[in-house]
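This report sets out the helical architecture of the protein shown below.

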Amino acid sequence: MTVYQIERQLTSAQRERLAALADVLITAGAGLPSASQAKVHEKWVDRALSARPDLFDGLVAALEGDDDPALAVDRLKKSQPALFDTLSFVVAGSYLMNPAVTKALGMPGNAPKPMPALPDEADHYLSGGILDPVIARGPIYRPTPDAQPKA
């Protein structure tokens with residue numbers, strides 16, 4: 001398991017506040033978890049902040065206060081758009097780092113995908129004679145010392 005190192009950690013109170021505000025931004029529905037159900041306020045925010053430590057201060061500022069989460073998000077959106085942007089960016093990024101969320105969204109991730117040749121693809125590469133010298137030369141290789149000659 002990889003441990004992500006960030007210079008500063010959120011306090012437990014800040015994490016609780018983040019969970020509440022994040023649930024206003026990302027609610028559960030359509031088979032997807034809410035932000036707090038996806039554990040945005042736990043390890044995923046740590047991963048996001050390890051990638052973007054420059055967002056830490058803005059996130060902490062956005063988490064200040066103890067008013068109703070919906071009112072707090074609305075207040076940030078209207079009166080402090082830069083803090084709202086930071087909060088929503090960190091929440092969305094943390095949410096999408098959770099593999100359960102990306103799987104539920106049908107996002108393939110970074111896995112390689114096989115790309116079979118198209119039926120007429122060879123014709124494209126053989127046209128114009130660009131490979132004629134290679135074909136005329138024939139196969140060249142150096143057998144490895146342990147290679148058995150083919151019968």
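## Helix α1

Helix α1 comprises the 14 residues 12-25, which at 1.5 Å a residue should span 20 Å; the C-alpha atoms at its ends are 20 Å apart, so the two values agree. The expected span is 1.5 Å times one less than the number of residues in the helix. Helices (H or I, at least four residues) and strands (E, at least two) are DSSP runs, numbered from the N terminus.

Gln14, Arg15, Arg17, Leu18, Ala19, Leu21 and Ala22 are buried in α1. Buried means under 20% relative accessible area, exposed over 50%, and partly exposed in between (1.4 Å probe, protein chains only). The buried residues of α1 pack against α2 (40-51), α3 (56-62), α4 and α5, where contact means heavy atoms within 4.5 Å.

## Basis of the model

The model is predicted: local features need pLDDT of at least 70, side-chain atom pairs count only at pLDDT 80 or more, and totals for chains, interfaces and linings use all residues. Residues are numbered from 1 along each chain as its sequence is written, and side-chain values use heavy atoms, with hydrogens and water left out.

The axes of α1 and α4 are 9 Å apart, at an angle of about 75 degrees. Axes are lines fitted to C-alpha atoms, for helices over the stretch in contact, and angles run from 0 to 180 degrees between N-to-C directions. The two helices, α1 and α4, are therefore roughly perpendicular; angles under 35 degrees count as roughly parallel, over 145 as roughly antiparallel, 65 to 115 as roughly perpendicular and the rest as oblique. On the α1 side, Arg17, Ala20, Leu21, Val24 and Leu25 meet Pro69, Ala70, Ala72 and Val73 of α4. This contact of α1 with α4 has 8 nonpolar residues, no polar and 1 charged. Here Ala, Val, Leu, Ile, Met, Phe, Trp, Tyr, Cys and Pro count as nonpolar, Asp, Glu, Lys and Arg as charged, and the others, Gly among them, as polar.

The axes of α1 and α5 come within 10 Å and cross at roughly 85 degrees, and α1 and α5 are therefore also roughly perpendicular. Leu18, Leu21, Ala22 and Leu25 of α1 make this contact with Phe84, Leu87, Ser88 and Val91 of α5. By class, the α1 and α5 contact holds 7 nonpolar residues, 1 polar and no charged.

## Packing of α4 with α5

Helices α4 (residues 69-79) and α5 (residues 81-97) have axes 5 Å apart and pack at about 125 degrees; they are therefore oblique to each other. Val73, Leu76, Lys77, Lys78 and Ser79 of α4 meet Pro81, Leu83, Phe84 and Leu87 of α5. This contact of α4 with α5 has 6 nonpolar, 1 polar and 2 charged residues.

## Helices α2 and α3

In α2, Val40, His41, Trp44, Val45, Asp46, Ala48 and Leu49 are buried, and the buried residues of α2 pack against α1, α3, α5 and α6 (99-105).

Ala61 lies in helix α3 and is partly exposed, with a relative accessible area of 27%. Ala61 and Leu87 are 26 residues apart in sequence, and their C-alpha atoms are 9.2 Å apart in space.

## Overall dimensions

The protein has 8 helices and 0 strands. Its C-alpha trace spans about 80 × 35 × 30 Å along the principal axes. The radius of gyration is 26 Å, whereas a compact globule of 151 residues would have one near 15 Å; the radius is taken over C-alpha atoms, and the globule rule is 2.2 Å times the number of residues to the power 0.38.

Of the 151 residues, 29% are buried.
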